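Hi,

Here is the structure I promised to pass on to you. My notes on what turned up in it follow below.

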Amino acid sequence: MGVRFVTRFLVSIVSLTFVAASSMAADPKPIKIGLLYSLSGMAAVYTKGTVIGHQIAAEEINAAGGLLGGRKIEYVIRDDKLKPGIAVEEFRRMVTRDQTDFVMGVISSGVALAVSEVAKEMKVLFVDTIAQTAALTEEQGHDYVVRLNTNTGVMGRTAALAAANGKWKTYYFIGPDYEYGHRMNADFWDYLKAKRSDVTKGLSINNLVNSSCGERLFLV
């Protein structure tokens, strides 16, 4: 009787384990991703389409069976309102309350730098999809931030290479007065100066374009 009882007990345990494993295999835990974008205000013209792109990708991946053994993708979508403080709050909520595995997004370079710092603090991956300041993954880079896009270094140097072959010697800069505009200006100018020692920055906004005197307006 003792042997028979032990055998039945072991069979029951194995059966329960098999059922539990089968249940987990049939419905594995989803991959929960936070999407943090400026979905209101002037940036929405870009970010709403980006979110739709994320959703289309998830639908295709889920329809094909998911990832990592059948795990489906789920999104938690939040609006950072183009403000670093709100972005940091939403990032924390998505990680602690919504239990996201990692966070993607951000269009503003200034917002991205703030989010990157809290990602480092919380040790949760932040995947930059739009913000382009090179500082994000260079001077202020760390183990919890990666980017999927180009950056101001790539774009600034590319423009500088083209400008270095031109005849203009004086450059004026017009751009957004925050991290992206400042960094784009610097990345362009530093590389142009390395290629051309005879170029200068204009000190006024008079006669911005005057090819006869070798001046050139540069838009960032």
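The largest pocket in this predicted model holds about 360 Å³ of space. Its lining is made of 13 residues, and the closest to the pocket centre are Tyr 46, Ile 107, Ser 108, Tyr 178 and Tyr 180. By residue type, the lining of the largest pocket splits into 10 nonpolar and 3 polar residues, with no charged ones.

Next, the overall layout. The protein chain has 6 helices and 8 strands, and read from the N terminus they follow the order α-β-α-β-α-β-α-β-β-α-β-α-β-β. The chain counts 220 residues, of which 36% are buried. If you take the contacts between residues at least 6 apart in sequence, 63% of them link residues at least 24 apart.

Helix H3 (residues 84-96) and helix H4 (residues 109-122) have axes that come within 9 Å and cross at roughly 35°, and the crossing is right-handed. On the H3 side, the residues in contact are Pro 84, Ala 87, Val 88, Phe 91, Arg 92, Val 95 and Thr 96. They meet Gly 110, Val 111, Ala 114, Val 115, Val 118, Ala 119, Glu 121 and Met 122 in H4. Sorted by type, the residues of this H3 and H4 contact come to 11 nonpolar, 2 polar and 2 charged.

Leu 68 sits in the loop between helix H2 (44-63) and strand E2 (73-79), and it counts as exposed because its relative accessibility is 70%, where the cut-off is over 50%. Lys 123, also a residue other than glycine, has a positive phi near 60°. The loop that holds Lys 123 runs between H4 and strand E4 (126-128). With a relative accessible area of 55%, Lys 123 is therefore exposed by that cut-off of over 50%.

You will find Ser 197 in the loop between helix H6 (179-195) and strand E7 (200-201). Ser 197 and Lys 169 are 28 residues apart in sequence, and their C-alpha atoms are 9.5 Å apart in space.

Happy to talk any of this through.

Best wishes

Notes: Residues numbered from 1 in each chain as written. Predicted model: local features only at pLDDT ≥ 70, side-chain atom pairs only at ≥ 80, totals over all residues. Heavy atoms only, no water. 1 Å grid on protein atoms, 1.4 Å probe; cavity = no way out; pocket = protein on both sides within 12 Å on 5 of 7 lines; lining within 4 Å. Points joined across faces, edges and corners; volume = space filled by probe spheres on them. Nonpolar A, V, L, I, M, F, W, Y, C, P; charged D, E, K, R; others polar. Axes fitted to C-alpha atoms, helices over the stretch in contact; angles between N-to-C directions. Helix = DSSP H or I, 4+ residues; strand = E, 2+ residues; numbered from the N terminus. Left-handed = near helix turned anticlockwise from the far one by under 90°. Contact = heavy atoms within 4.5 Å. Buried < 20%, exposed > 50% of the residue type's maximum accessible area, 1.4 Å probe, protein only.
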